[in-house]
Amino acid sequence: MPTRPLFTRILIGGLEKKLKIIDKLNQIMELELAGVVRYTHYSLMIYGYNRIPTVSWMKSNAMEGLEHAHRAGEMVTLLGGHPSLEIGPLLETENHDIGNIMRESLTHEKEALACYYDLMKLAAEENNVLIEEYAREMISCEELHLDEVDKMLRKPGDIEQFSGI
């Protein structure tokens with residue numbers, strides 16, 4: 001089989017990397033949309049003394065997830081891709097204890113954070129500064145959100161990170 005000319009190999013290689021970035025952005029979009037559903041559901045299942053502030057926090061996270069999904073979709077179209085109509089996996093444990101809800105939230109947030117790190121790596125390999133900076137911004141946002149969930153899972157007085165997933 002003949003080897004393709006260098007220019008053709010560069011074009012094909014660049015296209016493959018671009019498609020990997022688009023695929024990762026679509027995965028992020030799907031994951032963020034799953035977060036919208038997840039946090040909306042959680043907000044409806046909160047009972048007890050701290051219901052009002054917790055429901056407000058959950059609704060705020062659902063709205064933030066929608067904004068994150070929209071931004072990921074905008075990046076997909078910026079790259080000439082087609083935004084996914086799929087939604088990420090939804091976990092229903094039927095256990096609505098606030099501690100379990102927060103642990104599920106922590107797992108979801110860690111998964112989203114890992115996707116943004118993957119995106120940053122792909123963007124850096126492609127020398128795509130815009131996507132890399134977008135990924136960095138979202139990583140900062142997700143790290144802060146993860147920290148909020150972590151602190152909510154700690155017992156009063158605990159200063160070390162939560163470790164009991």
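Let's start with residue classes: Ala, Val, Leu, Ile, Met, Phe, Trp, Tyr, Cys and Pro count as nonpolar, Asp, Glu, Lys and Arg as charged, and the others, Gly among them, as polar.

Now the source. This is a predicted model, where local features need pLDDT of at least 70, side-chain atom pairs count only at pLDDT 80 or more, and totals for chains, interfaces and linings use all residues. Residues are numbered from 1 along each chain as its sequence is written, and side-chain values use heavy atoms, with hydrogens and water left out.

On to the cavities. A cavity is a set of points, on a 1 Å grid over the protein atoms alone, where a 1.4 Å probe fits but cannot get out; lining residues have an atom within 4 Å of a point. Points are joined across faces, edges and corners, and a volume is the space filled by probe spheres set on them.

How many cavities of 30 Å³ or more does the search find? It finds 2 in the whole structure.

Take the largest. Its volume is about 80 Å³. Helices here are DSSP runs (H or I, at least four residues), numbered from the N terminus. H1 (6–44), H2 (51–78), H3 (98–125) and H4 (129–153) each supply at least two lining residues. H2 gives the most, with 4. The lining includes His68, His108 and His145. By class, it has 2 nonpolar, 6 polar and 4 charged residues.

Next, the second largest cavity. Its volume is about 40 Å³. H1 and H3 each supply at least two lining residues. Among the lining residues are His41, Tyr42, Ile101 and Glu104. The classes here: 3 nonpolar, 4 polar and 2 charged.

Notes
1 Å grid on protein atoms, 1.4 Å probe; cavity = no way out; pocket = protein on both sides within 12 Å on 5 of 7 lines; lining within 4 Å.
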